[in-house]
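Welcome, and please get your viewer ready.

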Protein chains: 2
Amino acid sequence: MLKFDEALFLKLVEEEGLAFRGQIEAIVDGLAKRGYSNLFLIGAGGTIAMMYPYEYILKSSSSIEVHAEIAAEFMVMNHRRFSKDSVCIFTSVSGTTQETVAAAAYCKERGATTIALVAEPNTPLAEIVDHCITTGYEKHSFDTFFMLLYMVIFRFMHHNNEFPEYEQFTKEVALLPRAILDAVQAFDSQAEAFAIRHKDTGYHMMVGAGNLWGNTYSYAMCILEEMQWIHAKSIHAAEFFHGTLELVVEDTSVILLKGEDETRPLIERVERFAEKITKQLTVIDTKDFAMPGISETFRKHFAVSINWAVLSRISVYLEQERNHPLTLRRYYRQMEY
Amino acid sequence: MLKFDEALFLKLVEEEGLAFRGQIEAIVDGLAKRGYSNLFLIGAGGTIAMMYPYEYILKSSSSIEVHAEIAAEFMVMNHRRFSKDSVCIFTSVSGTTQETVAAAAYCKERGATTIALVAEPNTPLAEIVDHCITTGYEKHSFDTFFMLLYMVIFRFMHHNNEFPEYEQFTKEVALLPRAILDAVQAFDSQAEAFAIRHKDTGYHMMVGAGNLWGNTYSYAMCILEEMQWIHAKSIHAAEFFHGTLELVVEDTSVILLKGEDETRPLIERVERFAEKITKQLTVIDTKDFAMPGISETFRKHFAVSINWAVLSRISVYLEQERNHPLTLRRYYRQMEY
C-alpha cells in the first residue's frame, strides 16, 4: 500500500504498543486505589478530538464523571468540577503542543494527577506530567494512542466495577492492530477511488455521531482543512436536520461515518435523506470490516480505531492525487499570532 | 428598524417575560429543597445551542453537575449520569420539535423532573413536562428564553450557595430588554452594511468561545445555513489554530463574536491572526454596547443575549438584500427522512 509499511505498523502498534499494558495498569490501579473525583480528558485539535470517543464511551457505559475540555479554554474558564482530586489525561505526538503542555502544567500546579501519552521522548509534555507513557515513534502514533486509551479508560471502568470483561477486552486489544491492517487493506482501493473522484472537490460535509463524532470533527478540521486546504464541515448526525441539510444539492459531497454504537440509527437517518438528494454520497461503515477475533459486543468500541485508520488511507491518496503534501502549512508554526 | 416592533419587543420580553419570575422561582425553589443530582440541558439545533451558554456558565461558576446533550443522541446513548434524580430542562418555540418532545417523554418516563420553556401554549412539549413556562408568543421567543434561562440557572446556583447576588442580578435581568433594544438600535446600521457587503459571499467562518460558543454554532448552522443557504463553519476560538486557519486568505469572511467572559483572550488571538490575513474581517463585540444599568460583573453573562439580538439584525438585512426569506426551506418539514 502507498506510504504504509505493514511490518513497521505491526511492530509499532502491536508489539511495542501492547508492551505498555503493564505500565498503564500500574498507573490506573494506583489511582483507583487512592481514589479520584473525576476524569478530565484535555487536548487541542486532533488530540481533543481523540478524547471525544472516550468521553462518549464513559458517558454511555460508566458512572465515572468525565469532562473532555479544549486545553486553551480549560485554562481560562476556572472549571468548577476540576480539583486536586481530578485525574487529567493528555496526548501529544510531538510532546510540544503549546496549549496541551500549558494545560498539563496548570493541572499539576493545582495538585491534580496528570497522565500523558507522548510519542517523542524527553519533550516538555513527557517531562511535566506525573505519569507518562512514551511510545517512542511518531509513526502510527494516533493508532497507538487510540489502542492505549482503550486500556486506560476501560481499566478505570473495571475498577469502578463496571467492566468485568476487562481481561477478555484487553486480549482483543491485542488483536486490534491486525484488525486495523485487514481493514486498511480492504479499504485501500476505495480510498484511492475517493481521492481520484474528489481531487477537485472544494467542500465536503462529514457526518458522524456517538463515539465517531471525534473522528468526524478531526478529519474535517485537521486533515481536510489543515492538511489539504479543502473546506469541510463536520456535522453531528443528530444535528444535521437542524440546518446543514438545506445546503445539500445534487453534487454536494456528503461523507457519512457509520459506526456500531447506539447512535447508528442517527446516521442511517442522514443516509436515507442524503441518498435521495446527492449523487456524491460516501458511506464509510465499520461493519464492512471483518475485525477477526473481535467479539460482537466490543466491535462498537474498536470501530473508533478502525474508522480512523481507514480515513487515514484517504489522506495519503488525496496528497498524491492533489499533489498537496499533508505537511504543508500556510500559517501553523510558520508565524506568530 | 426593519422588521422590529420596539413596543412589541418591550411588551413581550420586558413586561411579559419578567412576569414569569415568580413561577420560575417557585419551580426551582421546590427542586432545590427536594434535592437533585444534576442538571441536563437538552435540545436540538437552535435549542441545544441556546443551552451551551448556560452549560458554560455553570461549569465556570458552579459546582452543580451539568450536561448539555443533543436530544436525539441523548435518547439512544443511555447516559449513565442521568437518573430519576436529574432535572432536565428543554426549550422549544413551537412546542413540537420532534426530538425535544421525545426526549422530554423519555426523561419523564424514567422519573426525572422535566421543565420546559415553550412559546406556543397547548403544544406537545408544554403538556408533557412537569413544569412548563408558557410564554405565549412566537415573536422574540429566543430573547425571552435567554432571559428566563438566566433566572432558572442562577436561581439554582443561588440555592447552591454560589450566587448571593441573585436579588441584584434579577433586578438587572429586568433591565436587559432595554439594554438589548439599545444594542440593536446601535448595531442596526452595521447589520445592514454587513448584509450589503456580503450579500453574495458564499462562505463565512464564525468564531466564538466560552458562553458565546452556542451563538457561534447556532448562527452558522441555523441562520446562515438553514435560513439563508450560505455555507458557514463555526469554529471554537481555541480550536481555530488547529486546522481551519489554513483556509483563511485575503478575501475570506471571518466573523468574530467577542464577549466579555474569561475566554475573551482566545478570540483576541484569532483577531490578531485574522487582521493580518483577510480584508473581510467582521468583529461583533458586546463591549461596544452600553448595557445601561448592568453591573460590570454581570455584563459577561448578559453578553449572550446582547450578542444574539444584534446577530438577529444581520438576519433580517440578509433576507432583504439577498431576497431570500428566512422561512424558506428546501427540506426541513417538507419531506420525510
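Which are the buried residues of α4(B)? Select Tyr52(B), Pro53(B), Tyr54(B), Glu55(B), Tyr56(B), Ile57(B), Leu58(B), Lys59(B), Ser60(B) and Ser61(B), and you have them. That is 10 of the 10 residues of the helix, so α4(B) is mostly covered, where buried means under 20% relative accessible area, exposed over 50% and partly exposed in between (1.4 Å probe, protein chains only).

Before moving on, some housekeeping. This is a predicted model, in which local features need pLDDT of at least 70, side-chain atom pairs count only at pLDDT 80 or more, and totals for chains, interfaces and linings use all residues. Residues are numbered from 1 along each chain as its sequence is written, chains are lettered from A and ligands numbered from 1 in the order in which they are written, and side-chain values use heavy atoms, with hydrogens and water left out.

**Stop 1: Ser61(B)**

Stay on helix α4 of chain B, residues 52–61, and pick Ser61(B) there. Helices (H or I, at least four residues) and strands (E, at least two) are DSSP runs, numbered from the N terminus. Ser61(B) has a relative accessible area of 16%, so it is buried. Now show what surrounds Ser61(B): leaving aside neighbours within four places in sequence, it is in contact with Arg80(A), Met157(B), Glu162(B) and His301(B). Contact means heavy atoms within 4.5 Å.

**Stop 2: Asn211(B)**

Next, select Asn211(B), in the loop between β6 (203–208) and α11 (213–228) of chain B. Is Asn211(B) buried or exposed? It counts as buried, at 1% relative accessibility. Not counting residues up to four places away in sequence, Asn211(B) touches Pro53(B), Tyr56(B), Ile57(B), Asp261(B), Lys300(B), His301(B) and Val304(B).

**Stop 3: a pair of helices**

Select helix α8 (residues 141–159) and helix α9 (residues 166–173) of chain B, whose axes come within 11 Å and cross at roughly 180°. Axes are lines fitted to C-alpha atoms, for helices over the stretch in contact, and angles run from 0 to 180 degrees between N-to-C directions. The crossing makes α8(B) roughly antiparallel to α9(B), a word used for angles over 145 degrees. On the α8(B) side, show Met147(B), Tyr150(B), Met151(B), Phe154(B), Arg155(B) and His158(B); on the α9(B) side, show Tyr166(B), Phe169(B), Thr170(B) and Val173(B).

**Stop 4: two asparagines**

Follow the loop between α8 and α9 of chain B to Asn161(B). Its phi is near 60°, a positive value in a residue other than glycine. Most residues other than glycine have a negative phi. Asn161(B) counts as exposed, at 73% relative accessibility.

Then select Asn78(B), in the loop between α5 (71–77) and β3 (86–92) of chain B. Phi of Asn78(B) is also near 60°, and at 44% relative accessibility the residue counts as partly exposed.

**Stop 5: chain A**

Finally, zoom out to chain A, with its 13 helices and 9 strands. Its C-alpha atoms fill a box of roughly 55 × 50 × 40 Å along the principal axes. Of the 337 residues of chain A, 65% count as buried. Among contacts in chain A between residues at least 6 apart in sequence, 76% join residues at least 24 apart.

Terms used: Angles under 35 degrees count as roughly parallel, over 145 as roughly antiparallel, 65 to 115 as roughly perpendicular and the rest as oblique.
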